[in-house]
Amino acid sequence: MQGLRGTALPVLGTVAFFALIELAVVTGVVAETSLPRPTSIAKALFELVQTGSFWGAVGNTMKGWALGLGLAIAAAVPIGIAVGSSQWLYRSVRFVVDFIRPIPSIALLPLFILVFGIDLQLKVYIIALGAFWPLFFQTMYGVQDVDPVARDTATAYRLGRFMRFFFLSLPGATPYIATGLRISASIALLLGVGTEMVVGLSGIGQDIFKAQYAGQPAHAFALIASSGLLGVAIAIGFNRLERRTLRWHPSQRRELPS
Amino acid sequence: MTRRLRGFFLEIWLPVAVVGGWWFLSEDSTSPFFPPLRVIVDAFEANWVFERIGSDLLPSLQRFGLGLAIAAVAGIAVGTMLGLWTPVRRATAPVVDFLRSIPAPALISIMILLIGFDDKMKVSSIALASFFPVLLNTIDGVRGVEPQQLDMARAYKLSRRHRIFRIILPAATPQIFAGLRIALAVALLVMAFSEMFASTNGLGFFILFAQETYRIPDMWSGIIMLGLVGYAVNVVFLLVERRALRWHRGWRATARDAGGAA
């Protein structure tokens with residue numbers, strides 16, 4: 001009963017939202033050429049998922065996403081740990097990092113087009129560049145924020161550099177890295193779809209662009225919705241991962257149900 | 001003093017080394033993609049002092065500022081409402097979660113279909129994309145207000161308006177600023193994207209167009225300008241944040257000291 005009442009409101013709200021849009025289009029408040037009816041979008045989406053080309057596009061987008069995110073992890077985590085554990089390194093790079101970070105990574109898109117050509121590589125490097133920062137900062141903060149008691153204990157037990165890394169820094173930073181990973185995963189999707197749209201690399205982004213210019217708004221909206229669903233799936237997946245790594249963390253233990 | 005001096009050198013050596021290294025290593029560069037820094041600086045001067053400030057920089061800043069302002073006002077207003085009004089928040093949660101998961105460039109596509117290619121489209125895209133971080137953080141901030149403060153407000157029979165503007169919003173300010181900070185980065189990104197995608201002026205357009213017409217030093221100068229803009233708006237934001245949260249920091253410091261004394 002409790003569960004039923006729990007889902008009734010969200011379901012009702014969602015249905016009401018789409019019904020309102022449908023009504024606005026049917027009554028002509030919004031032109032159907034600019035905003036298709038939700039029912040036509042649903043129909044277009046239903047047709048879309050039965051085509052191979054749609055799944056090919058999804059596959060291409062996700063391939064760039066996975067490779068770019070993987071590259072970002074491979075670079076950001078070791079560098080973040082190194083910078084986080086050395087006061088000297090941290091202060092040396094601080095200014096450079098503060099300057100580079102606010103530059104949107106797609107500012108470098110034109111340069112990357114020249115260097116890599118219009119190719120999967122281009123997408124992967126743009127994604128990696130954008131996804132690098134949240135992961136790097138989270139890893140660095142995580143290493144800097146290791147529990148002082150644990151650190152003192154490690155010192156008292158005279159753990160070596162190697163042991164300190166594996167038993168102190170890495171576990172201490174894991175929850176932070178998981179948070180960074182969640183943020184980076186969404187940014188990676190955003191940059192992947194965006195790059196596909198701007199330079200015309202195969203994937204959902206390019207299909208959205210094509211549908212929009214071919215004057216098929218229902219088709220375009222269905223593709224946009226599917227990119228949103230991909231985003232939801234990624235968010236849910238990485239949220240789970242984050243909560244898992246945080247299970248032992250004091251912040252989770254202290255949390256009271258509200 | 002020597003310690004401070006040493007600290008200063010520690011922070012400054014790498015930036016100096018990066019710029020100096022770039023300057024000297026690129027001096028004899030014949031690569032068309034990586035021209036000498038000297039050439040880039042010349043191009044920067046030719047473009048941005050002050051030739052294209054009015055034609056490309058200002059339009060970008062206008063779109064960015066207007067979009068972000070709309071997102072901030074709408075995000076805080078709607079966020080406060082949803083934060084206080086649990087049934088509506090729960091009813092809208094799935095739609096909000098879905099909409100905020102749509103990658104921002106796809107939102108630009110929606111706006112092109114809805115509005116067309118003009119400036120309104122860019123401003124709305126920026127506003128819509130940066131609306132969600134503000135919204136979600138405001139909701140969290142409003143919900144995180146200390147229950148004791150609300151009880152107190154009730155006991156003193158404060159009006160709803162007073163409750164919202166004197167208690168709830170100030171208490172939520174730190175969280176709202178956290179949201180605004182994310183919104184700032186999103187707005188900058190969407191600004192650049194929308195200008196690369198569908199524009200005839202602006203920084204994003206300038207960079208991509210310079211590359212397409214093979215004016216590489218111009219392209220580099222645009223990238224550097226976009227970097228400077230990103231850095232500058234962040235600095236301004238930090239100043240505003242520090243000012244707005246001054247009471248909060250002070251309050252936290254006192255609370256900590258009192259806790260330590262007790």
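Author: Two residues are in contact here if their C-beta atoms, placed from the backbone, lie within 7 Å. A quick note before going on: this is a predicted model, where local features need pLDDT of at least 70, side-chain atom pairs count only at pLDDT 80 or more, and totals for chains, interfaces and linings use all residues. Residues are numbered from 1 along each chain as its sequence is written, while chains are lettered from A and ligands numbered from 1 in the order in which they are written.

Back to our valine. In the largest nonpolar core, which has 124 residues, B:A187, B:V190 and B:A192 touch the most other members. Such a core is a set of buried Ala, Val, Leu, Ile, Met, Phe, Trp, Tyr and Cys residues joined through C-beta atoms within 7 Å. Buried means that 20 or more other C-beta atoms lie within 10 Å of a residue's own; 12 or fewer makes it exposed, and anything in between is partly exposed. The largest share of this core, 18 residues, comes from α8(B). Helices are DSSP runs (H or I, at least four residues), and strands are too (E, at least two), numbered from the N terminus.

Now for where the chains meet: 44 residues of chain B are in contact with 44 residues of chain A. On chain B's side, the elements giving two or more residues include α8 (160-197) and α4 (86-101). The largest share of that side, 10 residues, comes from α4(B). By class, the side has 34 nonpolar, seven polar and three charged residues. For those classes, Ala, Val, Leu, Ile, Met, Phe, Trp, Tyr, Cys and Pro count as nonpolar, Asp, Glu, Lys and Arg as charged, and the others, Gly among them, as polar.

Most residues other than glycine have a negative phi, and most peptide bonds are trans. Yet a cis peptide bond joins B:V49 and B:F50, with omega about -10°, and B:F50 lies in the loop between α2 and α3 (53-84) of chain B. B:Y214 isn't glycine either, but its phi is positive, near 65°. You'll find B:Y214 in the loop between α9 and α10 of chain B, and it counts as exposed because 10 other C-beta atoms lie within 10 Å.
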